[in-house]
Amino acid sequence: MPQTNQLRPFSFVLAVPDLERNTAYFRDALGFKAEWPEGTGWQLLSRGDVRIMIGHCPDAMPPSATGDHSYFGYLHVDDVDALHEEFVRRGALIKQAPADKPHGMREFSVATPDGHRLMIGQDLASRAGS
């Protein structure tokens, strides 16, 4: 029997104190495209199938104050080293360089200027096959 009301991915949602600064960072350092018009208090950023909605929340606790709870997502890619190199060239805030992990992934982490963190990984089995 088909399941109704299946959940489908849409986007991550982040509170940011400075919408323009974060929009510029996602665009310039991470290669996302701004999708929504300015002046709404929100911005939808997209890159491939990944979408991130950022909302202007100047009084919210900074994510850097939440320590390990500042991670908001984990993305899989085909070539983690190539994406890492791209992000470095663009000036992204790399928190951890690519490294092979015991759970079978090669990963790196990147942060936003406010301290939101994102893990990006590639399955080691797919890497060995390339």
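## The cavity

The structure holds one cavity of 30 Å³ or more. A cavity is a set of points on a 1 Å grid, over the protein atoms alone, where a 1.4 Å probe fits but cannot get out. The model is predicted, so local features need pLDDT of at least 70, side-chain atom pairs count only at pLDDT 80 or more, and totals for chains, interfaces and linings use all residues. Residues are numbered from 1 along each chain as its sequence is written, and side-chain values use heavy atoms, without hydrogens and water.

The largest cavity has a volume of about 30 Å³; a volume is the space filled by probe spheres set on the points. Its lining residues, those with an atom within 4 Å of a point, are Y25, F26, L30, F72, V110, A111, T112, H116 and L118. Two elements give two or more residues to this lining: α1 (19-28) and β7 (105-111).

## The nonpolar core

A nonpolar core joins buried Ala, Val, Leu, Ile, Met, Phe, Trp, Tyr and Cys residues through side-chain atoms within 4.5 Å. Buried means under 20% relative accessible area (1.4 Å probe, protein chains only). The largest core has 21 residues. Those that touch the most other members are F26, L30, I54, F87, V110 and I120.

## Aromatic pairs

The whole structure has four aromatic pairs. Rings of Phe, Tyr and Trp (its six-membered ring) pair if their centres lie within 6.5 Å, and planes over 60 degrees apart count as edge-to-face. The rings of F26 and F32 are edge-to-face, because their planes stand at 90 degrees, with centres 5.6 Å apart. F26 is buried at 1% relative accessible area, and F32 is buried at 7%.

F87 and F108 are also edge-to-face, at 6.0 Å and 75 degrees.

How values were computed: On a 1 Å grid over the protein atoms alone, a cavity is a set of points where a 1.4 Å probe fits but cannot get out, and a pocket is an open set with protein on both sides within 12 Å along at least five of seven lines; lining residues have an atom within 4 Å of a point. Helices (H or I, at least four residues) and strands (E, at least two) are DSSP runs, numbered from the N terminus. Buried means under 20% relative accessible area, exposed over 50%, partly exposed in between (1.4 Å probe, protein chains only). Rings of Phe, Tyr and Trp (its six-membered ring) pair if their centres lie within 6.5 Å; planes under 30 degrees apart count as stacked, over 60 as edge-to-face and the rest as tilted.
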